[in-house]
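Please look at the model first.

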Amino acid sequence: AYGDNRNLDALSVREREALLAQIPGYKRVMEAVGRVIVSTNGMRERVKSATSVDTVLVWPNLIDSATENIFEQLPARQVADGDTIALGYFSGSRAHDSDLDLIADVLAELLRSDSRLQLYLGGYTRLPAALNELSERVTFLGFMSYHAYLENMAAMDIHLVPLLIDRFNACKSGIRYLEASMCRVPTVASRVGQFTEMIEDGTTGFLCNSTDD
């Protein structure tokens with residue numbers, strides 16, 4: 001499942017091989033212990049189907065008190081003036097370029113059709129080729145501290161979480177949805193992983209199966 005994930009294509013051959021070489025070791029440790037804690041139901045199913053582990057418990061990623069304190073310190077959200085709509089995409093690693101590529105053509109179409117839209121890219125991101133001609137409508141925020149990440153998240157109007165729909169991302173935590181929600185920002189996410197459990201489509205967020213969605 002890990003090897004099939006196209007996000008690993010963003011890594012060098014050496015990095016990719018080193019990462020994949022660790023996986024059998026993880027399996028040996030889990031089977032030696034016999035009891036494993038994971039963060040999502042998808043990961044629980046993967047561990048149960050791929051190992052001989054007896055007990056797999058789910059302890060979800062949630063918002064802790066330290067993070068709540070950060071939210072309480074964030075400035076109050078400003079009412080949008082209608083002149084700008086901020087679309088935010090945040091990536092925590094270099095291995096998510098394939099995810100952003102999923103919606104690059106759609107983002108280009110949206111930016112061309114609505115002059116109010118501005119795209120903000122946070123973390124480790126590169127500009128997809130489809131957006132080269134619209135670079136003036138894209139702001140790079142760079143990699144930042146967690147506090148700064150939440151401050152920037154709170155300034156967005158729409159939070160984007162495109163993910164490849166595959167076996168690897170079926171194990172994905174929905175923590176980014178929780179963080180955006182604490183910032184009072186609606187999330188549009190791929191219909192995969194824990195996002196499908198946390199988001200009630202059309203009510204507490206939006207789930208997408210395709211670029212048409």
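Does Cys208 count as buried or exposed, and at what relative accessibility?

## Cysteines

Cys208 counts as buried, at 14% relative accessibility. Buried means under 20% relative accessible area, exposed over 50%, and partly exposed in between, with a 1.4 Å probe and protein chains only. Cys183 is buried too, with a relative accessible area of 3%. The structure holds zero disulfides; a disulfide is a pair of cysteine sulfur atoms within 2.5 Å.

## Basis of the model

The model is predicted: local features need pLDDT of at least 70, side-chain atom pairs count only at pLDDT 80 or more, and totals for chains, interfaces and linings use all residues. Residues are numbered from 1 along each chain as its sequence is written, and side-chain values use heavy atoms, with hydrogens and water left out.

## Nonpolar cores

The largest nonpolar core has 16 residues. Such a core is a set of buried Ala, Val, Leu, Ile, Met, Phe, Trp, Tyr and Cys residues joined through side-chain atoms within 4.5 Å. Leu87, Leu100, Leu107, Leu119, Leu121, Leu131 and Leu160 touch the most other members. Strand 3 (85-91), helix 6 (104-113) and strand 4 (117-123) each give two or more residues to this core. Helices (H or I, at least four residues) and strands (E, at least two) are DSSP runs, numbered from the N terminus.

Leu121 has contacts (heavy atoms within 4.5 Å) with Tyr89, Leu100, Leu127, Val138, Thr139, Phe140, Leu141 and Gly142, leaving aside residues up to four places away in sequence. A second, separate core has 14 residues. Phe90, Met144, Ala154 and Met156 are among them.

## Aromatic pairs

A search of the whole structure finds three aromatic pairs. Rings of Phe, Tyr and Trp (its six-membered ring) pair if their centres lie within 6.5 Å; planes under 30 degrees apart count as stacked, over 60 as edge-to-face and the rest as tilted.

Phe90 is buried at 4% relative accessibility. Tyr149 is buried at 11%. Tyr149 also pairs with Tyr146; that pair is tilted, at 5.7 Å centre to centre and 40° between the planes. Tyr146 and Tyr149 are separated by about one helical turn because they are three residues apart in helix 7. Tyr146 is partly exposed, at 34% relative accessibility. Phe90, Tyr146 and Tyr149 form one aromatic cluster.
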